[in-house]
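Here is a briefing on a structure for a reader who works with models. Please look at the sequence and the coordinates before reading the notes.

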Amino acid sequence: MIDERYSRYKRLTFDMPADRVLRIRMNNPGKLNAADQTMHGELGEIWRDIDADSGVSAVILTGAGDAFSAGGEMSMIDGIMNDFQVRAQNWKEARDIVYNIINCSKPIVSAIRGPAVGAGLVCGMLADISIAAKTAKIIDGHTKLGVAAGDHAAIVWPLLCGLAKAKYYLLLCDPLSGEEAERIGLVSLAVDDEVLDETAVKTATKLANMAPSAIRWTKYSLNNWLRQAGPIFDASLALEFLGFTGPEVREGVAAFTEKRKPQFPTHSPL
């Protein structure tokens, strides 16, 4: 039985594939589950509701259909660039997504298929156990857009795959397959697409049936690695949102919209 508290969500859908296991699907039909303003806010709020729900012992996060989440909608990015109130709101929501996942006591399993970018990728990489289809396409595209990689990568990628690999992929925005992501340690497991959902349900069910305090306290202790990195994340997020006020992101957005290579300035004022 799904708690009534989840009925208010518009871009997240819910089911219970196993006892005490809540599955969340990011759902933005026709847009590869890209995060619009509504989904962005909901991805920050949902973890508090889950933490307070005594009927849930483990969580699965995935995307509806054949995509995990294809990044932020351009309409949301335009608002961040052009409106201080929208920019401040999104900064707070981006902060809440990261810290509320870290502080949610329930174990989270992500099941990643297709494109995984933006706010959805934040949740996928910060999940306690990340399971990717071998053909998944993982991209942190911030620098290609013209802003700093700020929404989660600095806090967790170096811990997952090491600083050298993190710098390579975050500076160059090269895509990773799920198989390559597992090889370098960025995700916990990579599996064939046809068994992704089954593997996620089995993993979450196993977690839900284990000693709950032992699981939650172990998660809490391990996430102190991330809490220690909080100032690194805060700086990266602030610099990302500072970038949204500048000229580079405008060229990045224009290039994306016009489907061409961006022509960024050759010199920085910094």
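**Buried positions, ring pairs and helix packing**

C173 counts as buried, because its relative accessibility is 8% (buried means under 20% relative accessible area, exposed over 50% and partly exposed in between, with a 1.4 Å probe and protein chains only). This is a predicted model, where local features need pLDDT of at least 70 and side-chain atom pairs count only at pLDDT 80 or more, while totals for chains, interfaces and linings use all residues. Residues are numbered from 1 along each chain as its sequence is written, and side-chain values use heavy atoms, with hydrogens and water left out.

**Backbone: positive phi**

- C173 has a phi near 60°, a positive value in a residue other than glycine.
- The loop between helix 7 (163–172) and strand 9 (176–177) holds C173. Helices (H or I, at least four residues) and strands (E, at least two) are DSSP runs, numbered from the N terminus.
- L32 is not a glycine either, yet its phi is positive, at about 55°.
- L32 sits in the loop between strand 2 (21–26) and helix 1 (37–52).

**Aromatic rings**

- The structure holds 5 aromatic pairs. Rings of Phe, Tyr and Trp (its six-membered ring) pair if their centres lie within 6.5 Å; planes under 30 degrees apart count as stacked, over 60 as edge-to-face and the rest as tilted.
- One of the pairs is Y6 with F14: the ring centres are 4.9 Å apart and the planes stand at 35°, so the pair is tilted.
- Y9 and F14 have ring centres 5.7 Å apart and planes at 65°, so this pair is edge-to-face.
- Y6, Y9 and F14 form one aromatic cluster.
- Y6 is buried, with a relative accessible area of 3%.
- F14 counts as buried at 17% relative accessibility, and Y9 is buried as well.
- The charged end of R227 sits over the ring of Y220, 4.2 Å from its centre. The criterion is NZ of Lys or CZ of Arg within 6 Å of the ring centre and within 35 degrees of the ring normal.

**Helix packing**

- Two packed helices are described by the angle between their axes and the distance between the axes.
- The axes of helix 1 and helix 4 come within 9 Å and cross at roughly 20°. Axes are lines fitted to C-alpha atoms, for helices over the stretch in contact, and angles run from 0 to 180 degrees between N-to-C directions.
- That angle makes helix 1 roughly parallel to helix 4. Angles under 35 degrees count as roughly parallel, over 145 as roughly antiparallel, 65 to 115 as roughly perpendicular and the rest as oblique.
- H40, L43 and W47 of helix 1 make the contact with A119, G120 and C123 of helix 4 (contact means heavy atoms within 4.5 Å).
- Helix 1 passes helix 4 in a left-handed crossing. A crossing is left-handed if the near helix is turned anticlockwise from the far one by less than a right angle, and right-handed if clockwise.
- Helix 4 (residues 118–126) and helix 6 (residues 153–161) have axes that come within 10 Å and cross at roughly 45°.
- Helix 4 and helix 6 are therefore oblique to each other, and helix 4 passes helix 6 in a left-handed crossing.
- L121, M125 and L126 in helix 4 meet I155, V156, W157 and L160 in helix 6.

**A buried serine**

- S236 lies in helix 12 (residues 230–243).
- S236 is buried, with a relative accessible area of 10%.
- Leaving aside neighbours within four places in sequence, S236 is in contact with A148, A149, G150 and A154.
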